[in-house]
Amino acid sequence: MRPFSFNPGPKLISGEGSAAQLADVLPEGPCLFVTDHDVVGFGLTDASRVALGEGGREIILFDSVEADPSKETLLAAVDLGRRHDVTQVVGFGGGSPMDVAKLAAYLLGSDDDLDSIWGVGLAKGQHLPLALVPTTAGTGSEATPVAVITCEGGEKRGVNSSALIADWAALDASLTLGMPRSLTAATGIDAIVHAVEAYTSARLKNPISDMYAREALRLLSANLIKACEEPTDLAARSAMLLGAHLAGLAFSNAPVAGVHALAYPLGGIHHLPHGLSNALMLRVVLQHNAEAARDHYAELAPILAPECEGQGSQAKCATLIDRLDRMVVDSGLAPRLRDHGIPQEDVPMLAREAMKQQRLLINNPCPIEEEDARRLYEAAW
Ligand SMILES: NC(=O)c1ccc[n+]([C@@H]2O[C@H](COP(=O)([O-])OP(=O)(O)OC[C@H]3O[C@@H](n4cnc5c(N)ncnc54)[C@H](O)[C@@H]3O)[C@@H](O)[C@H]2O)c1
Ligand SMILES: [Fe+2]
C-alpha cells in the first residue's frame, strides 16, 4: 500500500432539527449567517436562526449569495462580518452559500488576502468558528476543504486547504424535501461524480477515500431516481444527503478530476448549474478515461449493476458508464450541450478555458490535452 494521509471532515450532527442544535455548540457573540434569498424565502433557515438568536446571539444575515458566487459577493460578506465584529460564521444552503461562508470565516479569522490563497494548501491561517448546513444533496461542501468562487471572465477559482474545513456540519434531510426535480437531479449527479472521480483520482486516492467513495456511490445510485420521483420520501432524501457528505469526504482527500475540469467553463461562462454541467460531461470523460481507469471503473460497476459481477473488466467498465449515463437521462436532465443553448462554435473556447483547471486535470487517470477537450465537448454537444 502506498503511504497516504487522510483529513477527516467536520464534527457532525444529523437528524431532523440538527441545524437548530448548532446553537448549543457555537460560541457567543455576533454570527454571520450566510445564505441565499430562496433558502430564506422557503423558510428553511427559520428554526436555526431562532435557536441561534435565543441565547442573545445577534444574527447578521447575509442572504445575497447567487449560484456560482462571485468574488464581489464573497468580499461583501466579509465586509459585513468585519463591520459587525462577528465571532462565528454559519453557511446555510447549497454549495454556493456554504463556499462563501467557508472563505468568509477564513478571511475574517486570518486577515489573509484572498488573492494570496487561490490553489492548494496556501491558506494556512485560522478561521472563525464555522458551521455548515447543506440544503442540497449535493456538493458535499460541508465536508470539504474546498471553496469555489467565480472570478473575472467567468473563471472558477478554488481554494483548497484544510484551514477551510468547517468545525461543525448539520445534516437534516428534511431541509432537502422541497428541492424541485431538476435541482435534485443536478446536485445528485454532482455527488455521484464526486464519488466516481475520487475513486479514480490519480495521485491521492487511498483506502479510506475509496471506502467513502464506494459507500457514497451505493447510497446515491440507489436513491437518486427515487428522490426525483418521490420528492417527499425522507428515507431517500436522507440517503442522498449522507451519500453526498461521504462523497465530499472522499474527494476532500482524493480530489476530483476531468469531469469537473470540463464542467467548470459551462458554469463559469454559460451559468449552467454546477451539477448539470457535470452531468453533461460525465459520459464523454468516462469514455475518454475508460482504458486508463478500466480496473477502477470495473470495481465500481457491481455497485450499480450487481449482475455484472462475474464479467471481465472491460464489460464491467462499459456497464458502469452505461448505467451512469442512463441515470442522467432517467433523472430527467436533458443530456446534451445543445439542449442547454451552448453554441457549437464555443467548443474551442470551452476547451481553452478547461485547460486553466490544471488543479483538477492532474488528478485525472489519463491526460486531457486541449485537443482532447475539444473532442470531448464536440462529443457532448
Ligand atoms: N466546496 C466544494 O467542495 C464544492 C463542491 C462542488 C460544488 N461546489 C460549488 O457549489 C456551487 C453549487 O452548489 P449547489 O449545486 O448546491 O447549488 P446552489 O447553492 O448554487 O443553489 C442553487 C439553487 O438551489 C436553491 N436551493 C438550495 N437549497 C434548496 C432547497 N432545499 N429547496 C429548493 N431550492 C433550494 C438555491 O436557492 C439556488 O437558487 C457551485 O458554485 C459549485 O462550484 C463546491
Ligand atoms: Fe462538484
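These legends describe close-up views of a predicted model. Residues are numbered from 1 along each chain as its sequence is written, and local features need pLDDT of at least 70.

**View 1. The iron ion (ligand 2) and its protein donors.** Four residues supply the donor atoms: Asp190 (OD), His194 (NE2), His260 (NE2) and His274 (NE2). They lie 2.1 to 2.2 Å from the iron ion. Donors are N, O and S atoms within 2.8 Å of the metal (3.2 Å for Na, K and Ca); water is not among the atoms, so sites may look incomplete. Angles among the four donor atoms run from 84 to 165°, and the site is irregular. In sequence, the donor residues follow the spacing D-x3-H-x65-H-x13-H.

**View 2. Asp190 and His194 in helix 6.** Both residues sit in helix 6 (residues 181–199), four residues apart, about one turn of the helix. Helices (H or I, at least four residues) and strands (E, at least two) are DSSP runs, numbered from the N terminus. Asp190 has 2% relative accessibility, so Asp190 counts as buried (under 20% relative accessible area, 1.4 Å probe, protein chains only). His194, also at 2%, counts as buried.

View 3. Strands 7 and 8 (residues 156–160) pair in the antiparallel sense over five bridges; pairing requires at least two bridges found by DSSP. Val146 faces Asn160 of strand 8.

Note on methods. Chains are lettered from A and ligands numbered from 1 in the order in which they are written. This is a predicted model: local features need pLDDT of at least 70, side-chain atom pairs count only at pLDDT 80 or more; totals for chains, interfaces and linings use all residues. Side-chain values use heavy atoms; hydrogens and water are left out. Four donors count as tetrahedral if all angles lie between 85 and 135 degrees; four count as square planar and six as octahedral if opposite donors are over 155 degrees apart and all others between 65 and 115; anything else is irregular. Buried means under 20% relative accessible area, exposed over 50%, partly exposed in between (1.4 Å probe, protein chains only).
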